[in-house]
Amino acid sequence: LEGNVLFKSGWRRICAELHRKNPITSKNCKKSDVVLANKLSIDREYNIYQCLNGLIEVSIPIMVENVHLGNLSTGQFFFKPPDKEFFINQAKKYDFDEKDYLNSLNQVPIVDKSEIEKHLSFLINMVGILTELSLSKKKHFETNKTLMESEKKFKILYNFSPDMYVSVSPKDATILLCNETLLKTTGY
């Protein structure tokens with residue numbers, strides 16, 4: 001939620017190698033990642049926005065037990081052909097090589113909004129599944145921790161009790177477990 005990118009894959013060159021590496025435009029990226037991407041609420045499944053450097057991006061909130069932990073972001077596309085003048089002015093303003101910058105711009109796909117919404121359904125489901133798996137793993141870990149603490153307490157009570165305890169197999173009467181008091185008292 002602070003705009004730290006933990007993992008990225010398949011980013012467009014204009015974003016990854018130009019905007020995010022320029023000291024001024026990278027600040028725009030950070031603002032976009034924090035302010036625009038986080039304009040989400042529990043009742044919204046995603047947020048489509050234009051980043052401060054002119055590209056379209058989508059954020060899907062990662063919610064665990066109604067706590068917004070982060071976002072899955074996808075993007076760097078356009079819904080319609082980009083305003084070339086805007087990007088020519090950006091190239092001049094931020095001292096990008098204009099030809100290289102515009103070539104990178106031309107690699108950004110133009111995608112119909114309905115196509116994006118179809119893909120978002122998949123991504124929203126994927127985020128939901130990953131969140132549920134993570135939550136399940138967390139609860140499993142917490143249950144195991146509680147069980148181990150309980151077993152530790154049981155062993156202390158069982159082993160150091162002033163009374164003799166022995167656990168015997170109901171099948172063949174073999175001793176499965178006995179405490180220290182029994183061992184000391186019987187000498188076994």
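**Figure 1. Gln90 lies in helix H3.** This is a predicted model, in which local features need pLDDT of at least 70 and side-chain atom pairs count only at pLDDT 80 or more, while totals for chains, interfaces and linings use all residues. Residues are numbered from 1 along each chain as its sequence is written, and side-chain values use heavy atoms, with hydrogens and water left out. Helices (H or I, at least four residues) and strands (E, at least two) are DSSP runs, numbered from the N terminus. Gln90 has a relative accessibility of 6% and therefore counts as buried (buried: under 20% relative accessible area; exposed: over 50%; partly exposed: in between; 1.4 Å probe, protein chains only). Not counting residues up to four places away in sequence, Gln90 touches His19, Leu52, Asn53, Asp95, Phe96 and Tyr101; contact means heavy atoms within 4.5 Å.

**Figure 2. The side chain of Ser32 reaches the backbone nitrogen of Leu52.** The distance between them is 2.8 Å. A polar contact is a pair of N or O atoms within 3.5 Å; within protein, one must be able to donate a hydrogen and the other to accept it, and residues adjacent in sequence count only if both atoms are side-chain atoms. Ser32 is found in helix H2 (residues 23–36). With a relative accessible area of 1%, Ser32 is buried.

**Figure 3. The largest nonpolar core has 17 residues.** A nonpolar core is a set of buried Ala, Val, Leu, Ile, Met, Phe, Trp, Tyr and Cys residues joined through side-chain atoms within 4.5 Å. Those with the most contacts inside this core are Ile14, Leu55, Phe78, Phe87, Phe96, Tyr101 and Leu105. At least two residues of the core come from each of helix H1 (13–19), helix H3 (84–93) and helix H4 (98–106). Leaving aside neighbours within four places in sequence, Ile14 is in contact with His19, Leu55, Tyr101, Ser104, Leu105 and Val108. A second, separate core has 10 residues, including Ile56, Ile60, Phe77 and Leu120. In soluble globular proteins, nonpolar side chains tend to be buried together.

**Figure 4. Phe78, Phe86, Phe87, Tyr94, Phe96 and Tyr101 form one aromatic cluster.** Rings of Phe, Tyr and Trp (its six-membered ring) pair if their centres lie within 6.5 Å; planes under 30 degrees apart count as stacked, over 60 as edge-to-face and the rest as tilted. A search of the whole structure finds eight aromatic pairs. One of them joins Phe78 and Phe87 edge-to-face, at 5.8 Å centre to centre with 80° between the planes. Phe78, at 5% relative accessibility, counts as buried, and so does Phe87 at 2%.

**Figure 5. Phe154 and Tyr158 form a tilted aromatic pair.** Their ring centres are 5.3 Å apart, with 40° between the planes. Both residues lie in helix H5 (residues 113–159), four residues apart, about one turn of the helix. An α-helix has 3.6 residues a turn, so residues three or four places apart point the same way. Phe154 is partly exposed, with a relative accessible area of 45%, whereas Tyr158 is buried at 9%.

Figure 6. In H5, the residues that are buried are Ile116, Leu120, Leu123, Ile124, Val127, Thr131, Leu135 and Tyr158.

**Figure 7. Glu65 and Ala173 have positive phi values.** Most residues other than glycine have a negative phi, and most peptide bonds are trans. Phi of Glu65 is near 50°; this residue lies in the loop between S2 and S3 and is partly exposed, with a relative accessible area of 48%. Ala173 has a phi of about 65° and lies in the loop between S4 and S5. At 55% relative accessibility, Ala173 counts as exposed.
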